[in-house]
Amino acid sequence: MFEYERKQNVESLCKKLSGRQNFFKKVNTIQEAATHASYIVAYNIAKNNKALSDGEFVKQCMLQVCEVLCPDKKNNFQTVSLSRKTVTSRIEAIDKNLTSQLESKIGQFKFCSIAMDESTDINDTAQLVLFIRGVDENFEITEELASMRCLKGTTKGCDIFREFQEGLLTLKVPITNICNITTDGAPNLTGKKIWISWTY
């Protein structure tokens with residue numbers, strides 16, 4: 001009889017342990033899903049140039065829709081963090097990830113070309129945009145917006161060259177792999193003196 005009770009106690013304890021483990025697994029799964037959902041919302045906020053504080057508005061809408069469609073899942077929706085601070089950190093994390101992916105691609109380039117365009121934004125601030133197109137040893141072509149640099153002060157050829165260099169250094173683009181540079185033909189990017197300074 002003692003042996004039978006002991007066996008039952010062991011089985012009962014095993015069931016309790018299994019139940020607790022499943023509970024923690026479920027909690028972790030919900031938290032991972034909530035984090036993933038917050039990344040999706042942050043990505044769409046950044047993609048559509050919306051205010052970072054719009055995340056809180058989106059969450060309010062989600063909770064109200066949830067009350068109508070699936071009230072039993074409301075607690076899951078409440079765990080999705082969409083505060084301004086969280087949305088900012090999510091967008092920064094996405095930016096770092098995309099930059100590291102681009103750096104990895106650039107590191108595999110055998111040859112690449114750069115296209116530049118210098119213009120002013122709606123705040124009358126000069127911006128230099130760099131596009132990169134490269135090919136790796138498997139002849140796979142990659143074309144991406146590499147960098148957007150703010151030109152402070154003057155927009156002479158030397159200023160643009162300085163920002164151009166810093167943009168390449170940030171993305172770790174080997175200058176020896178660049179086979180072509182294309183500009184928009186603006187006066188500060190053309191002329192004999194400008195290209196001599198760029199060459200040396």
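Here is a friendly chat about a predicted model and how its features get their labels.

Colleague: Hello! What should I know before we start?

Modeller: This is a predicted model, where local features need pLDDT of at least 70, side-chain atom pairs count only at pLDDT 80 or more, and totals for chains, interfaces and linings use all residues. Residues are numbered from 1 along each chain as its sequence is written, and side-chain values use heavy atoms, with hydrogens and water left out.

Colleague: How many helices and strands are there, and what makes a stretch a helix or a strand?

Modeller: The protein has 6 helices and 4 strands. Both are DSSP runs numbered from the N terminus: a helix is H or I over at least four residues, a strand is E over at least two. Starting at the N terminus, the order is α-α-α-α-β-β-β-α-β-α.

Colleague: What span does helix α5 have, and how do you know what to expect?

Modeller: The expected span is 1.5 Å times one less than the number of residues. Helix α5 covers residues 157-171, which is 15 residues, and its 21 Å from first C-alpha to last is close to the 21 Å expected. Helix α4, with 24 residues, reaches 35 Å, close to an expected 34 Å.

Colleague: Why is threonine 86 called buried?

Modeller: Buried means under 20% relative accessible area, exposed means over 50%, and partly exposed is in between, using a 1.4 Å probe and protein chains only. Threonine 86 has 13% relative accessibility, so this residue counts as buried. Threonine 86 belongs to helix α4, residues 84-107, whose buried residues also include Val87, Arg90 and Ile94. In the protein as a whole, buried residues are 26% of the 200 residues.

Colleague: What makes the link from threonine 86 to serine 83 a polar contact?

Modeller: A polar contact is a pair of N or O atoms within 3.5 Å; within protein, one must be able to donate a hydrogen and the other to accept it, and residues adjacent in sequence count only if both atoms are side-chain atoms. The side chains of threonine 86 and serine 83 make such a contact at 2.9 Å.

Colleague: Why is phenylalanine 139 called exposed?

Modeller: Its relative accessible area is 71%, and that is over the 50% cut-off, so phenylalanine 139 is exposed. This residue sits in the loop between β2 (126-136) and β3 (141-151), and has a positive phi of about 60 degrees although it is not a glycine.

Colleague: And what about lysine 172, buried or exposed?

Modeller: Lysine 172 has 60% relative accessibility, so this one is exposed too. You will find lysine 172 in the loop between α5 and β4 (178-182), where its phi is also positive, near 60 degrees.

Colleague: How do you know whether phenylalanine 161 and phenylalanine 164 are stacked, edge-to-face or tilted?

Modeller: Rings of Phe, Tyr and Trp (its six-membered ring) pair if their centres lie within 6.5 Å; planes under 30 degrees apart are stacked, over 60 edge-to-face, and the rest tilted. The structure holds 1 aromatic pair. In that pair, phenylalanine 161 and phenylalanine 164 are 6.4 Å centre to centre with 25 degrees between the planes, and the pair is stacked. Both lie in helix α5, 3 residues apart, about one turn, and both are buried.

Colleague: What makes arginine 90 count as sitting over the ring of tyrosine 39?

Modeller: A charge sits over a ring if NZ of Lys or CZ of Arg is within 6 Å of the ring centre and within 35 degrees of the ring normal. The charged end of arginine 90 is 4.7 Å from the ring centre of tyrosine 39 and sits over that ring.
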